[in-house]
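Here are my notes on the charged side chains of this model. Please read them with the structure open.

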Amino acid sequence: MPPRLDNEKFSNRLDTAAKARAEMLAKAKARVEAAKATAGDRNKERLAIAAAREERQKKRDEEKRLAAIEAQKRRAQDEQQRRLAEIEAKAQAERDHQERIAAQEALELEQKARRDARYAARKAQKKKGR
């Protein structure tokens, strides 16, 4: 819009203002038309982004589900190994206990045999001394 001169007539100023408003309206209409033209493309792009997001979420959910299943399997295996180790430890403790009992019985039999031998030796000594 050219600079306004003080000597312009009022009607010229009104015409200039009307032309300026018409140009602004035309620009606004052009922007609206351009937005309408690209609205479909933007909508398709948004839908594609949403579908991709949903697909990624499904993939993450499936990975979480598989990880949970794997963790459950690992826990079951760990529990089974723990039970087997516990059973083995109990069996080993029982074997150790039986070995200690057998060793104690053998010691007692050996002590009894020595005691009996000493007793028999004393008896034999008394018989000789008579």
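**Charged side chains along the helix**

1. Aspartate 116 pairs with lysine 112 in a salt bridge, with 3.1 Å between the closest N and O atoms; the term stands for a side-chain nitrogen of Lys or Arg within 4 Å of a carboxyl oxygen of Asp or Glu. Both aspartate 116 and lysine 112 belong to helix α1, 4 residues apart, or about one turn of the helix. Helices here are DSSP runs (H or I, at least four residues), numbered from the N terminus. Aspartate 116 is partly exposed, because its relative accessible area is 39%; lysine 112 is also partly exposed, at 41% relative accessibility. Partly exposed lies between buried (under 20% relative accessible area) and exposed (over 50%), with a 1.4 Å probe and protein chains only.

2. On the source: this is a predicted model, in which local features need pLDDT of at least 70 and side-chain atom pairs count only at pLDDT 80 or more, while totals for chains, interfaces and linings use all residues. Residues are numbered from 1 along each chain as its sequence is written, and side-chain values use heavy atoms, with hydrogens and water left out.

3. How many salt bridges are there by this rule? The count comes to 9. Side chains of opposite charge can pair when their charged atoms come close.

4. Arginine 65 forms a salt bridge with glutamate 62, and their closest N and O atoms are 2.6 Å apart. The two residues, arginine 65 and glutamate 62, lie in helix α1 with a spacing of 3 residues, about one turn of the helix. Arginine 65 has a relative accessible area of 43%, so arginine 65 is partly exposed. Glutamate 62 is partly exposed as well, at 33%.

5. Arginine 82 and glutamate 86 form another salt bridge, at 3.0 Å between the closest N and O atoms. Arginine 82 and glutamate 86 are 4 residues apart in helix α1, about one turn of the helix. Arginine 82 counts as partly exposed because its relative accessibility is 43%; for glutamate 86, 39% gives partly exposed. Salt bridges with shared partners link Glu79, Arg82, Arg83, Glu86 and Lys90 in one network.

6. Arg115, Arg118, Arg122, Lys123, Lys126 and Lys127 form a positive surface patch. A patch of this kind takes residues with over 30% relative accessible area and no salt bridge, like charges being joined within 9 Å. Arginine 115 lies in helix α1, which covers residues 10-129, and is partly exposed at 46% relative accessibility.

How values were computed. Patches are made of residues with over 30% relative accessible area and no salt bridge: like charges are joined within 9 Å, nonpolar side chains (Val, Leu, Ile, Met, Phe, Trp, Tyr) within 5 Å. Accessible areas come from the Shrake-Rupley method with a 1.4 Å probe; for residues, only the protein chains shown count as cover. Lys and Arg count as positive and Asp and Glu as negative; His and the chain ends are not counted. The place of a charge is taken as NZ of Lys, CZ of Arg, CG of Asp or CD of Glu.
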